[in-house]
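Hello,

Please find the structure below, with its sequence. My notes on what was found in it follow.

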Amino acid sequence: MISFGATQVILALFFAELGYSDSRIGLFFTLTLGGDVIVGILLTLVADRLGRRRVLWMGSALMIASGLVFAYCENFWLLLIAAIVGVVSTMGGDFGPFRAIEESILSQLTTPQTRPDVLAWYVTISTWGSSVGSEISGRTVQALSVQREWSLVNSYHILFLGYAIMGLVNAGMMLLLSDACEVDSAPSTYKEVAQADEADDDSGIELDDHNLPPETPHKRTPSALPLPTNEGSWLSKWFSAISGPTRSIMYRLWFLLAADSVADGMVPYTYCNYFLDQNSHPSKSTLGDITSISYLLAAMSSVFAGPLSRRIGLINTMVFTHVPSSAAVLLFGLSSTLWINVVLLFIRAGLNNMDQAPRAAFIAAVVKPEERTAVMGITSTIRTMAAMIGPSITGLLASGDRFWLAFTVAGALRLAYDFGLYAMFVNMKLHTHEQTPANAEVTAERRVSMEDEESRVSITHV
């Protein structure tokens, strides 16, 4: 995340310095996200079979390749190919083809009680890394361009070379991961059972507890899903590998996440930096400081996401923290004063990440353990596909001197996501597929009731 944070500050500025138009910059972001969609689909299909650690190591190798191309090339199409085939962060850590695998690993290694905190710290540490990378990026460009009188383009090339070096470091760290990150080799089975209260309450799912083994921190639940066969549509078979109750929940969530992702695609942090640079013309070190503080605020707030979600619930945490952030996005483009925009950016960043860990925990709480890699992979793919639309829209608006309108539209879409999420999922039942203390008590009561009923039936027969 240090490398991603470093390149996010300068990515749009790099292409602008090369003389490319705003619409072409938007096209680059859109096509790059399209490459992430393809990579995400392929990885979701093969990650559990090929090995999660191996796939993450391949991602590090792609980082190295992309960084080297950006460090030595300036041709738009070569850079675009490197971004599509390789790994270049255009939207931030919340997007990308490898995040689904990382969240699936963490969900597998945790229990329902510890998962929100672990995922919150995952987001926090990632954001801290982005904060450090942003600060390094701004200070490096300022030092090279002002003190050593390098051109801005050459200064940017140096940062991309650092990106490739960080990819090498990341590849080495992937080799340190243990076998606990992988799924069990034994095939998983799924048996769909009747919904006991489906007619009365469609906001949750009710599963037969007798078919579900308890989840413990020491025993991992198999999560490998069958790969699609050559018969029929591979996409339909991919979705059919997920149970009906899970799909009925995820269809609604995917629709809302798509709207939110279009908004995020329209106004990523790199576009915020570009907007500030065009309107207020701060120094590159100031831009780096602003972005670094934004990520630092996001990291600090992410620490409280886990405790807050346990106190008020996952959905309430997602909505109540995201609404002020969305309002800040809506107002960002309406001001041309630097300090006002900086304050709005800090509000957005400080609250924006607080919904990430609860969202991952919510998805893990409403899907079966063996479906998590597929569901999170599909979720990541849908979000990235939706985000693809955003950069091109913003690029066209910016080229027509309506850059500010992108932030207004994005803020409205984010607010629609927030209110829709609360309306659809605030009363959703959670952890019905996992053995929690509450579920264990219910299961024990059911077994006692069944034993009593069997005893009465036996006495009647006698």
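Serine 301 is buried, with a relative accessible area of 10%; buried means under 20% relative accessible area, exposed over 50% and partly exposed in between, with a 1.4 Å probe and protein chains only. Before going on, note that this is a predicted model, in which local features need pLDDT of at least 70 and side-chain atom pairs count only at pLDDT 80 or more, while totals for chains, interfaces and linings use all residues. Residues are numbered from 1 along each chain as its sequence is written, and side-chain values use heavy atoms, with hydrogens and water left out.

Serine 301 belongs to helix 11 (residues 284-302). Helices (H or I, at least four residues) and strands (E, at least two) are DSSP runs, numbered from the N terminus. Not counting residues up to four places away in sequence, serine 301 touches Gly350, Leu351 and Met354, where contact means heavy atoms within 4.5 Å.

Serine 134, in helix 6 (residues 115-147), counts as buried because its relative accessibility is 0%. Which residues is serine 134 in contact with, leaving aside its neighbours within four places in sequence? They are Gly5, Ala6, Val9, Gly288, Thr291, Ser292 and Tyr295. Serine 134 and serine 294 are 160 residues apart in sequence, and their C-alpha atoms are 9.5 Å apart in space.

**Helices**

Two packed helices are described by the angle between their axes and the distance between the axes. Helix 10 (residues 269-280) and helix 11 pack at an angle of about 140°, with axes 11 Å apart. The axes are lines fitted to C-alpha atoms, for helices over the stretch in contact, and angles run from 0 to 180 degrees between N-to-C directions. In this contact, Tyr269, Asn273, Leu276 and Asp277 of helix 10 meet Lys284, Leu287, Ile290, Thr291 and Tyr295 of helix 11. By type, the residues of the contact of helix 10 with helix 11 are 5 nonpolar, 2 polar and 2 charged; Ala, Val, Leu, Ile, Met, Phe, Trp, Tyr, Cys and Pro count as nonpolar, Asp, Glu, Lys and Arg as charged, and the others, Gly among them, as polar.

The loop between helix 10 and helix 11 holds histidine 281, which counts as exposed at 60% relative accessibility. Phi of histidine 281 is near 55°, a positive value in a residue other than glycine.

Helix 5 (residues 99-109) is mostly covered, with 8 of its 11 residues buried. Among them are Arg99, Ile101 and Glu103.

**Rings**

The whole structure has 27 aromatic pairs. Rings of Phe, Tyr and Trp (its six-membered ring) pair if their centres lie within 6.5 Å; planes under 30 degrees apart count as stacked, over 60 as edge-to-face and the rest as tilted. Phenylalanine 15 counts as buried, at 0% relative accessibility.

Why is the pair of phenylalanine 28 and phenylalanine 76 edge-to-face? Their ring centres are 6.3 Å apart and the planes are at 65°, so the pair is edge-to-face. This pair links distant parts of the chain, 48 residues apart: phenylalanine 28 is in helix 2 (residues 22-50) and phenylalanine 76 in helix 4 (residues 76-85). Both phenylalanine 28 and phenylalanine 76 are buried.

The charged end of arginine 24 sits over the ring of phenylalanine 76, 4.8 Å from its centre; this requires NZ of Lys or CZ of Arg within 6 Å of the ring centre and within 35 degrees of the ring normal.

Regards
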